[in-house]
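Please open the model in your viewer and keep the selection tool at hand. The stops below say what to select next and what is there.

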Amino acid sequence: MSTMKIAGAPISWGVCEVPGWGHQLHRDRVLSEMRETGLTATELGPDGFLPADTRELTGVLAAHGLSCVGGFVPVVLHDAAHDPAGDLSGPLASLRAAGAGVVVLAAATGADGYDSRPELDDEQWATLLANLDRLAEITAAAGLLAVLHPHVGTMVETHSDVDRVLAGSAIPLCLDTGHLLIGGTDPLELAKAVPHRIKHTHLKDVDAALAARVQAGEISYTDAVRAGMYTPLGTGDVDIAGIVSVLRDNGFDGWFVMEQDTILTAEPTDEGPVRDVLTSVAYLKSVTA
């Protein structure tokens, strides 16, 4: 079995593209702490977190001893009057320059945040699915792999949304264990059902009671994150070990990106988010030893 490829993500330190998400830590602290946990690779994080200039970007990553595996790119895919290829060009250039392999697409609503979303009609769904395949082709021509990230508060959130993408598009998936669970899909069952469609992963553990409150509309997604819905790997209600085992048994050779979305209210006065990242790293190593 191939060596497991484990990466980090700035969102585990509270760094997020959503306006007003919370206190944003400086990149040097995030990248230094990431490296101190033993991780050697990261996703890029949101626009503005790392330099847009490709030479400066590669220098910053190299200075911290990190390689780049990919980046999260939310784009509007369902609007026939909007060409998402333009939104992809900048991130694609940065990811190519950083030596990344994966573009993690999300079907954005067009509004900020992830607390609500509209319903699509059949014509909008057809546009979305066609754009997914087109962006996958553009990404492949640039030498990278596009995957779709089912995500709460986007146009691909629910179990039926995921099924529609699987049936109507050829794009591979990013298996985000947390967003899938909150959206109503069992990530372990999905991994068992379509292991060949999963080419990238975001590993999150989840407090299922808080997730159920989001599903019921009792609490917003953002408030649930603030309340600690995402927990260190091995401490929540997702079968992380089972998912990793199923994927690896089926030949998965992509990245396992540890993501524990968090919201900070201020600069930490203690060790801060790295404490939970260390717990997750230790757990993941224990289940793959």
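**A stop-by-stop tour**

Begin by selecting His 78, which counts as buried because its relative accessibility is 10%, and keep in mind throughout that this is a predicted model. His 78 sits in the loop that runs between strand E3 (67–76) and helix H3 (85–97). Show the surroundings of His 78 next: setting aside neighbours within four places in sequence, its contacts are Ala 108, Thr 109, Leu 120, Gln 124, Thr 127, Leu 128 and Met 155.

In soluble globular proteins, nonpolar side chains tend to be buried together.

Now select Leu 105 and display what surrounds it; not counting residues up to four places away in sequence, Leu 105 touches Val 73, Val 75, Leu 88, Leu 135, Ala 146, Val 147, Leu 148, His 149 and Ile 171.

Finish with Cys 68 and Cys 174. Which cysteine sulfur is closest to that of Cys 68? The closest is in Cys 174, at 14 Å, and this is too far for a bond, given that a disulfide needs the two sulfur atoms within 2.5 Å. Starting from Cys 174 instead, the closest cysteine sulfur is in Cys 68, again at 14 Å. The count of disulfides comes to 0. Cys 68 is buried, with a relative accessible area of 5%, and Cys 174 is buried as well, at 1%.

How values were computed. Residues numbered from 1 in each chain as written. Predicted model: local features only at pLDDT ≥ 70, side-chain atom pairs only at ≥ 80, totals over all residues. Heavy atoms only, no water. Contact = heavy atoms within 4.5 Å. Helix = DSSP H or I, 4+ residues; strand = E, 2+ residues; numbered from the N terminus. Buried < 20%, exposed > 50% of the residue type's maximum accessible area, 1.4 Å probe, protein only.
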